[in-house]
Amino acid sequence: MIASGEKKEEYRDFSEYWCSRLLERGSWNVRLFDTVTFYLGYAKNRPSMTFRWFLTTLGEGKPEWGAEPHKKYFIIHLGERLED
């Protein structure tokens, strides 16, 4: 759904692991990014998709896009898809 442009956001658990990657160290401020890249698998030549990073928020995701109802997530809002 992300590849087709239908899904414009991606969810990451509100966990210690993702807090350490998405928040500024020692702060509740969200880190700023230029792009977001998704990879399919772990192979060296794996397919990927890169998007402009638009915004990261905290909230409930949409169940029709894979989120568990009433669960808090980091919501990564995606901008336009860039060349891979």
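Is glutamate 10 buried or exposed? At 13% relative accessibility, glutamate 10 counts as buried, where buried means under 20% relative accessible area, exposed means over 50%, and partly exposed covers what lies in between, with a 1.4 Å probe and protein chains only. This is a predicted model, in which local features need pLDDT of at least 70 and side-chain atom pairs count only at pLDDT 80 or more, while totals for chains, interfaces and linings use all residues. Residues are numbered from 1 along each chain as its sequence is written, and side-chain values use heavy atoms, with hydrogens and water left out.

Glutamate 10 forms a salt bridge with lysine 7, whose closest N atom is 3.0 Å from the O atom; a salt bridge here is a side-chain nitrogen of Lys or Arg within 4 Å of a carboxyl oxygen of Asp or Glu. Lysine 7 is also buried, at 10% relative accessibility. The whole structure holds 5 salt bridges, and another one of them joins lysine 71 to aspartate 13 at 3.0 Å between the closest N and O atoms. That pair links distant parts of the chain, since lysine 71 lies in the loop between S3 and S4 and aspartate 13 in strand S1, 58 residues apart. Both partners are partly exposed, lysine 71 at 26% and aspartate 13 at 34%.

The strands named here are DSSP runs (E, at least two residues), as helices are (H or I, at least four residues), numbered from the N terminus. An open sheet is formed by 4 strands in the order S1-S4-S3-S2, with antiparallel pairing, two strands being paired if DSSP finds at least two bridges between them. S1 and S2 stand at the edges with a single partner strand each, so one side of each is left without a neighbour in the sheet. Between S3 and S4 the antiparallel pairing runs over 9 bridges, and phenylalanine 51 has arginine 81 in S4 as its bridge partner. In the loop between strand S3 (48-60) and strand S4 (72-82) lies histidine 70, which has a positive phi of about 65 degrees although it is not a glycine, and which is exposed at 69% relative accessibility.

Turning to the rings, those of Phe, Tyr and Trp (its six-membered ring) pair if their centres lie within 6.5 Å, with planes under 30 degrees apart counted as stacked, over 60 as edge-to-face and the rest as tilted. By this rule there are 6 aromatic pairs. One of them is the stacked pair of phenylalanine 14 and tryptophan 28, at 6.2 Å centre to centre and 25 degrees between the planes. Phenylalanine 14 lies in the loop between strand S1 (9-13) and helix H1 (16-22), and tryptophan 28 in the loop between H1 and strand S2 (35-39), so the pair ties together parts that are 14 residues apart in sequence. Phenylalanine 14 is partly exposed at 37%, whereas tryptophan 28 is exposed at 68%. Together with Phe74, Phe14 and Trp28 form one aromatic cluster.
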